[in-house]
Amino acid sequence: MHSAIWALFAGCVLAIPVMAWIGDFRAAFMLIAVVAVECAVLALNGGECPLQRVAARYTSDRRPNFDIYLPQWLAGRTKIIFGPLYAFGLIATLALWWMRG
């Protein structure tokens with residue numbers, strides 16, 4: 001479940017600049033809002049996904065990917081990778097919306 005949710009949000013982040021580029025600003029802003037809600041959930045949980053706490057009950061393993069089906073190098077860097085991609089998508093959307101609006 002955690003992997004599927006991660007894939008959904010990663011897909012949203014990657015789709016934001018694409019939607020903006022093709023001029024579908026409604027979709028881009030909806031994706032931005034969806035990811036913003038996820039960011040708020042993470043912020044309210046000390047930077048961790050609430051599902052991580054659930055998974056932690058069932059194992060003593062605490063590697064970055066103990067709770068998700070991702071390579072360890074990616075699981076430990078998702079915020080470092082997807083944070084700037086999200087910011088880029090947000091800025092690109094606003095810039096393209098302003099230029100085309």
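**Fold, charges and selected contacts of the chain**

The chain contains 5 helices and 0 strands, where helices (H or I, at least four residues) and strands (E, at least two) are DSSP runs numbered from the N terminus. The order of the elements from the N terminus is α-α-α-α-α. The model is predicted, so local features need pLDDT of at least 70 and side-chain atom pairs count only at pLDDT 80 or more, while totals for chains, interfaces and linings use all residues. Residues are numbered from 1 along each chain as its sequence is written, and side-chain values use heavy atoms, with hydrogens and water left out.

Along the principal axes, the C-alpha atoms fill a box of roughly 55 × 25 × 20 Å. Of the 101 residues in the chain, 33% are buried (under 20% relative accessible area; exposed means over 50% and partly exposed in between, with a 1.4 Å probe and protein chains only). The chain exposes about 6,700 Å², of which carbon and sulfur atoms supply 71%; this area comes from the Shrake-Rupley method with a 1.4 Å probe. Among contacts (heavy atoms within 4.5 Å) with a separation of 6 or more, 57% join residues 24 or more positions apart.

The chain carries 8 positive and 5 negative side chains, with Lys and Arg counted as positive, Asp and Glu as negative, and His and the chain ends not counted. The centres of the two sets lie 2 Å apart, each charge being placed at NZ of Lys, CZ of Arg, CG of Asp or CD of Glu. Side chains of opposite charge can pair when their charged atoms come close. The count of salt bridges (a side-chain nitrogen of Lys or Arg within 4 Å of a carboxyl oxygen of Asp or Glu) comes to 1. This salt bridge links D61 and R63, whose closest N and O atoms are 2.7 Å apart. D61 counts as partly exposed because its relative accessibility is 21%; R63, at 46%, also counts as partly exposed.

D67 lies in the loop between α3 (50-56) and α4 (72-75). D67 is buried yet has no salt bridge, and the nearest side chain of opposite charge, R62, is 8.6 Å away. Not counting residues up to four places away in sequence, D67 touches H2, Q52 and A55.

S3 is found in helix α1 (residues 2-21). With residues up to four places away in sequence left out, S3 touches I68 and Y69. A polar atom of the S3 side chain lies 2.8 Å from the backbone nitrogen of Y69.

How values were computed
Polar contact = N/O pair within 3.5 Å; in protein donor to acceptor, adjacent residues only side chain to side chain.
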